[in-house]
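These notebook entries record what I looked up in one protein model. I began with a single residue and then turned to the whole chain.

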Amino acid sequence: MWLLPALLLFLPGFSTAKDQITGPSMVSGQERGSLTVRCRYDPHWKGHKKYWCRGADWGTCATLVQTDTSEKLVEKNRVSIRDNQTDFIFVVTMEDLRTSDASIYWCGIERIGNDPGFKVNVNIDPDPQIPVLTVTTTAPVLTSTPSTRENTGNHGETQTNPPTWSLLSSIYFLILVFLELPLLLSMLSAVLWKHLFNV
């Protein structure tokens, strides 16, 4: 019966992480601020290197910072790590947080074979001091009132341009075509008719 657990330890991607290392499953930090993650480990791992890595997949996460086997503080870019070998806790601090730092991270312990690790979901809250650009769109309003424009003439008098008469012109054209033109044609034909029969 002991053979199955022993074999599972050597399977790729398998880890008894929750038994050997624990931490918060979720932490939040403010943009431009900092956050701290404390990962507790089994005393068995006291002399091993501890690390903090980023990536949704435990097998391929990218290590951001790592301790040596001592309690010395190690800093890299905006991340630091320190191993407290008395309390069996290592502490990770992320500073000058950015919204792009929100991701899945892991507390890990280096060993021969599969490393034990614990998944931590990091959320970053936007800085309220940074204004958020919002774009609102409104539909244009169409009006049928003729546009008037005030111009100042040469003598400083205010003049108002007359409205556009294109609509009235088209109505007049229709009246001309459908009423006056047939009337004109009928009068012309009457004159021609009378002239022809008088001859």
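**Entries on the predicted model**

I looked up Leu185 and found that this residue lies in helix 3, which covers residues 166-198. The model is a predicted one, and I read each entry with that in mind.

Is Leu185 buried or exposed? I noted a relative accessibility of 51% for Leu185. Because a residue counts as exposed over 50%, Leu185 is classed as exposed.

I then asked which residues form a nonpolar patch on the surface together with Leu185. The patch consists of Leu181, Leu184, Leu185, Leu188 and Leu192. Together these residues have about 490 Å² of accessible area.

Next I turned to the secondary structure. I recorded three helices and 12 strands in the protein. Five of the strands make up an open sheet with mixed pairing, and their order is 2-10-9-4-5. At its edges I found strand 2 (26-30) and strand 5 (62-66), each of which pairs on one side only. On average, neighbouring strands of this sheet are turned by 30° against each other, direction ignored.

Strand 9 (residues 103-109) and strand 10 (residues 117-125) are joined by six bridges in the antiparallel sense. I saw that Ser103 has Val122 of strand 10 opposite it.

Last, I noted values for the whole protein. Of its 199 residues, 24% count as buried. The accessible surface comes to about 14,700 Å², and carbon and sulfur atoms account for 60% of that surface. Among contacts between residues at least 6 apart in sequence, I recorded that 54% join residues at least 24 apart.

Notes. Residues numbered from 1 in each chain as written. Predicted model: local features only at pLDDT ≥ 70, side-chain atom pairs only at ≥ 80, totals over all residues. Heavy atoms only, no water. Pairing = 2+ DSSP bridges. Helix = DSSP H or I, 4+ residues; strand = E, 2+ residues; numbered from the N terminus. Axes fitted to C-alpha atoms, helices over the stretch in contact; angles between N-to-C directions. Buried < 20%, exposed > 50% of the residue type's maximum accessible area, 1.4 Å probe, protein only. Contact = heavy atoms within 4.5 Å. Areas by Shrake-Rupley, 256 points an atom, 1.4 Å probe, with all protein chains shown as cover. Patch = residues over 30% accessible without salt bridge, like charges linked within 9 Å, V, L, I, M, F, W, Y side chains within 5 Å. Salt bridge = Lys/Arg side-chain N within 4 Å of Asp/Glu carboxyl O.
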